[in-house]
Amino acid sequence: MQREGSLGAGGSVDPRLWGKQKGLTRAYPVICHLLDAAAMFGALWDELLGPAMRERIAHELGLTPDETRSVLSFWAGLHDLGKITPVFQAQVPESFAAMSGDPLYRSAPGAEGERGLRHEMATHWALTALLEEVGYPEGRRVGGGRQLLRGAVGHQVAQLLGGHHGCFGGVLQEHEVRRASEYQPGLGGPGWDGQRRVHFAELRRVTGAGAVPLRPLPADLAVVVTGLVVVADWLVSQVEVVESLMPPLGWRGTDLEVDAHWRRSRRRVGGVAAAAGIGRARFTADRFDQMFPFAPNPLQADLVANLPELVRSEGPGLLLVTAPTGDGKTEAALFAASVLGRAAGCRGMFVALPTMATADAMLPRVGRFKDVALTGERALMLLHSLAWLRPPGAGADGAGEGEVSAGSAAEAYAWLRGPRRGLLAPLGVGTIDQVLSGVLPLKYNVLRLFGLAEKVFVVDEAHAYGPWMHQLLVRLLEWLGALGAPVVLLSATLSGRTASSLVDAYRRGAGHLEPSVVEPCYPGWMYVGSASGRVCAPREVGSQRARTLDVAVRGVVWDSEDAPGAPLRVGGRREALRRELLPVVEGGGTALVCCTTVAEAQRTFRDLAECFPGLVRMPGGLRILHSRFPGVDRRRITAECEVAYGKPADPEDLEQPRPASILVATQVVEQSLDFDFDLVVSDLAPLAQLLQRAGRCRRHERGVTGRPSWACGEDRPRLVVLDPLQGDSGAVRLPASWGRVYDPGLLKRTSLLLARESAAGIAVPGDVQRLVDEVYAADFVDGLDGAVRRELELLDGERLAGEAAESYLADLAGICAPADVAGDLHRLSRRESGVTQEMLTTRLGADSGRVLCVYEQEGGVVTLDPEGKVPVPVRSGGLSREELVLLVEHAAPVPGRWLLGDSGGQPAQEGWAKHQLLRDLVVLKMKPTEDGAWSSRGPDGRTITISHVGLERE
């Protein structure tokens, strides 16, 4: 292939070509930045990647480990070669003016105005030809007369480096590369091309990268290399680092000066990487008693006795643990993470949870674990959309989420808290959304995947996700299987079908394509090694708390929408609920009432407050918890609930009777919250959710004196289910207010199953796995009455079709599996046809709006609280961090449909809409109402009210 110039052309680097300028005392030569990035990559290669990963990359390239280090450092330095273009250099007019009159840099008229050619794109275009000229294999051409360069090693490297700003460009065509400056005038003329060649040659000489890779990298390893390049670039782009390496005035870029800068940069970057806190944690504890101050229960003891040998024989892989709530799955997972992390040579771990509240609660537990079980670099980050609200260095219960090795805490915390950097910390706790975003075509998605490479990935509540999130998790597990990252999945109620899909996804990623049959035992665990792909026989273990769940099903008429004070309907939900809660009110103790929707929880709270006024007068006698509170209020309520219903710090308090207290809540109490109630009352829900809620009943060992007299006797947790379908003639009649929160067919199946099983009670854990599988079984309809069977078959068809459609759309919205990348990294950034911006989300249908209620006090003063004590920040020069935190803490999530329309919801302060964290915030100016609440007209013209029960809309 003929090219525009010769790589062997003479000349030296031009120090006038700048690579960094913003915030610096003067412009920084591009050759210096390229050398810095190459040096930093080498340091990260040595200190951040483990030996197994380095050897694997070297093997795939067909190079020795030493050659690989040099070649990849060379690549990393080349990432900004596209800055040697008129379009980039013209961004600093005073620097560009010195060259614009130089005949060497003549270009087509207007070349400097081609702003569509970003410098990372220019890197992609320029490097494709340069790498092929030095012998990088051409690979197989695709596309006939207009041949695509997919499969060419040089093109893959160019595409990889062109993605260092978060998105990969498309595959180039051979004829375009041959006449690159014609297709991309912003690349400049021969003089610009010549300087790119000189910089290329100098960088290759200095790094000693004379070796040529034999073949392209597989997709998973390309992600690892891309991640390292991005991190190296970010670290050496810090202003203080650049200033410390700034060459002296008069620096000319001679070979000797370039060599001297290379030596100086190599000495400097090691300290920069260490200060960032992104090094390797080491799993050093190998015994359970080294990690926890108590003896293992049966589940944990079985893992201690058998998992290490399985890992030795099968290699690191995926562990699936299924057990009831309260059976110590978290400690089992942390022990397993230590075993797997040590065997795989991992550099840390990430624990993923379903909600921000559960992530907050998990942080101190992981913090205590890392203090006793790990050494090395131990920076621990909390990762979710509101984690930044915590003050710098603050954790939960003393666990600092930015803790690192001595002497580097301040720097590491500051750097790791920067945008998109949290997953680079060796240890992390956060919502699962943080990692599922890695399999959506979002900017820097590969950095999230890189953040999980060589880490143990723990997923709590693996059963808690609908078809959309489940499909994204399946895709993520394929990538982790390809990367060889160990995985621990935890679940209280996981069907065999769901378990098989997760296990097989990991196995496919690891190269084992044949499907498996997974039948999880309960409680118990199973293991699959990534190297062998063999699904080891599940191990069923006993439970220290085998009990029978006393299930009482109450067929009720759904009257929850009746206004407070309305006459009770005979057989209605309100009457049944009052009757079930009367022993709590009269005899003390605690109860959970779990409602399907926020609106229903609010109505239920009001009805109980009217029925039991004495309870309302007692501190904490009646509480309500759901998602539709301002953040500051929800955290306060959750903290109060943890004190009232959580495990006390003093074990003697478990023997103390608790005064009457009722919590009305939604599904937010189902997951990872260690609450204990004497009674649980729930609206009908799918069986798995009911069992999760029942797990909050008699969760702690309180003894006879710690339970009210009405709840003493045999240790049988009591679950009361308020079922609108019991006694029905067969047709499904669900409350209209429920909408599509739960699938109607699944609710009908659960109702029929409970009607059959509730009389004898449900053995926990003995019956759980059987019932969870049975409620989804295809033969469930066998033997049912004809009309009921036909109705259920119709509903089943709708559910399966809906799940299939949702899974298909999630698969369409997500990136492809690693095996399907097929040499085109653009597939990790490209949106498929039909994928909208709204589909690029980890949670389909979640509350998508945010409101900030501000309260108009007497005299026109506007505050963030109804009491008038917290003024709305008003600053002409922008908001401080404290003021920004204050605003976000007072925001509340609401359904997006609440905010459709153009009336109401005006910004309270000029400039808020320009701030990234405030731009989607709709401000509602609330005015007091006669009943003590506050209200405002929403954007759609309807009234939105806020009171002690949270936000409501008429």
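Eight strands make up an open sheet with mixed pairing, in the order E7-E8-E5-E9-E10-E4-E11-E12. Strand E7 (380-383) and strand E12 (539-540) stand at the edges with a single partner strand each, so one side of each has no neighbour in the sheet. The model is predicted: local features need pLDDT of at least 70, side-chain atom pairs count only at pLDDT 80 or more, and totals for chains, interfaces and linings use all residues. Residues are numbered from 1 along each chain as its sequence is written, and side-chain values use heavy atoms, without hydrogens and water.

Helices (H or I, at least four residues) and strands (E, at least two) are DSSP runs, numbered from the N terminus. Two strands pair if DSSP finds at least two bridges between them. Strands of a sheet pair through backbone hydrogen bonds, either parallel or antiparallel.

Trp525 has Arg539 in E12 as its bridge partner. Helix H17 (residues 356-373) lies across strand E5 (348-353), E7 and strand E8 (427-431). H17 runs at about 165° to E8. Here, angles run from 0 to 180 degrees between N-to-C directions, and axes are lines fitted to C-alpha atoms, for helices over the stretch in contact.

Strand E13 (residues 547-555) pairs with two strands described here. With strand E18 (residues 718-723), E13 pairs in the parallel sense over six bridges. Val553 stands opposite Val721 in E18. With strand E19 (residues 762-764), E13 is antiparallel, and three bridges join them. Arg547 has Val764 in E19 as its bridge partner.

Helix H1 (residues 30-47) packs against helix H11 (residues 219-236) at an angle of about 125°, with the axes 8 Å apart. H1 and H11 are therefore oblique to each other (under 35 degrees is roughly parallel, over 145 roughly antiparallel, 65 to 115 roughly perpendicular, the rest oblique). Contact means heavy atoms within 4.5 Å. In H1, the residues that meet H11 include His33, Met40, Phe41 and Trp45. Their partners in H11 include Val225, Leu228 and Asp233. The residues of this contact divide into 12 nonpolar, one polar and two charged (Ala, Val, Leu, Ile, Met, Phe, Trp, Tyr, Cys and Pro count as nonpolar; Asp, Glu, Lys and Arg as charged; the others, Gly among them, as polar).

Asp504 is found in helix H22 (residues 496-509). Asp504 is buried, with a relative accessible area of 9% (buried is under 20%, exposed over 50%, partly exposed in between, with a 1.4 Å probe and protein chains only). Asp504 touches Pro515 and Ser516, not counting residues up to four places away in sequence. The C-alpha atoms of Asp504 and Val474 are separated by 8.6 Å, although these residues are 30 residues apart along the chain.
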